[in-house]
Amino acid sequence: LGLIPTVEHPASEGFLERLVAQCEATFDIAGILRLSEKAVTPEAQARLFPPVQQTPVTRIAVAKDRAFSFYYQDSLDLLEAWGAELVYFSPMSDSSLSAHVSGLYIGGGFPELYAAELAANDTMKKSMKTAAGEGMPVYAECGGLMYLGESIRDLEGKEFPMVGVLPVGSRIDTPRLNLGYRTVEALSDGPLLCRGETVRGHEFHWSVLSSDCTGMNAYRVTGSQHREGFHIGSTFASYIHLHMASQPGMVRRFIEQCRRYGEKVSDNVTSSARRQDRKEAP
């Protein structure tokens, strides 16, 4: 269940050596290799990935450090295959978002364990809030949702200020575990989904939010009346970890939204430079 992330406890050399010895003792490796020589790749029409990887048309910042490490690799692979250049960064230690990104993806993790470090990085928090306020497409799930809120209260009851894009705080003070697969329906057109589209994902968290903020929700959980997540401006955040392969159009939509935002920013910069040149012209 990912309760001990690999970024915290990577496999030791001794473990890997024991694993190799176990495989050699219990697997017919020579037989497997002989079978592999006879195997052929079946022909199939490409449905999830394009026939060839697309040339990058936008750059998307992806939060990845000890606080944020839960991602479906499929989702990252799909983003790259369909034209996104992924720029990894650390909300804990980097000072700000790169000036050359046009989208932001903050995955899951355990931000409550690193709340002090995240709270202390004021320049990064300001950079993210500014980007979201200017309309950059932002997608966050679970730990990312908590980080974009007003605050996080940890297991010891200490409260730390976070980014403040979402008008809620989160706290870890309940023994209730929210766990299970979910199918959700988008309530409005957003950076990933159009209104009425459904997508599959899963939920796993101990934290709770200070408010549901009805009217700002991103999803309706199908089979119930429960509303989930937030859609505020260009920011889409939820406790649900989405598997982007379950709705391939979502990847292409996110990339397109980011590309359009990047072009808009570029046009604004160009227009501003031209106005400045005219002012300075003799």
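Which residues point one way from strand β4, and which the other way? The legends below, for close-up views of a predicted model, begin with this strand.

View 1. Strand β4 spans residues 103–106. Gly103 and Tyr105 point one way from the strand, while Leu104 and Ile106 point the other way. All of these residues are buried. In a regular strand, side chains alternate between the two faces of the sheet.

**View 2. Strand β4 with its partners β1 and β6.** Strand β1, residues 58–63, runs parallel to β4 and is joined to it by 4 bridges. Strand β6, residues 138–141, also runs parallel to β4, and 3 bridges join these two strands. Tyr105 of β4 stands opposite Val62, and in β6 the bridge partner of Tyr105 is Tyr139.

**View 3. Leu79 in the largest nonpolar core.** This core has 67 residues, and Leu79 and Met128 are those with the most contacts inside it. Helix α7, residues 249–280, supplies the largest share of the core, 6 residues. Leaving aside residues up to four places away in sequence, Leu79 touches Ile60, Ala84, Leu86, Tyr105, Met244, Val251, Phe254 and Ile255.

View 4. Cys142 lies in the loop between β6 and α6, the latter covering residues 143–148. The phi angle of Cys142 is near 55°, a positive value in a residue other than glycine. With a relative accessible area of 5%, Cys142 is buried.

View 5. Strand β13, residues 219–221, runs antiparallel to β14 and is joined to it by 2 bridges. Tyr219 has Glu228 in β14 as its bridge partner.

View 6. A disulfide is a covalent bond between the sulfur atoms of two cysteines. A search of the whole structure finds 0 disulfides. How do Cys194 and Cys258 stand, buried or partly exposed? Cys194 counts as partly exposed because its relative accessibility is 27%, whereas Cys258 is buried, with a relative accessible area of 0%.

How values were computed
Residues numbered from 1 in each chain as written. Predicted model: local features only at pLDDT ≥ 70, side-chain atom pairs only at ≥ 80, totals over all residues. Heavy atoms only, no water. Buried < 20%, exposed > 50% of the residue type's maximum accessible area, 1.4 Å probe, protein only. Pairing = 2+ DSSP bridges. Core = buried A, V, L, I, M, F, W, Y, C linked by side-chain atoms within 4.5 Å. Contact = heavy atoms within 4.5 Å. Disulfide = S-S within 2.5 Å.
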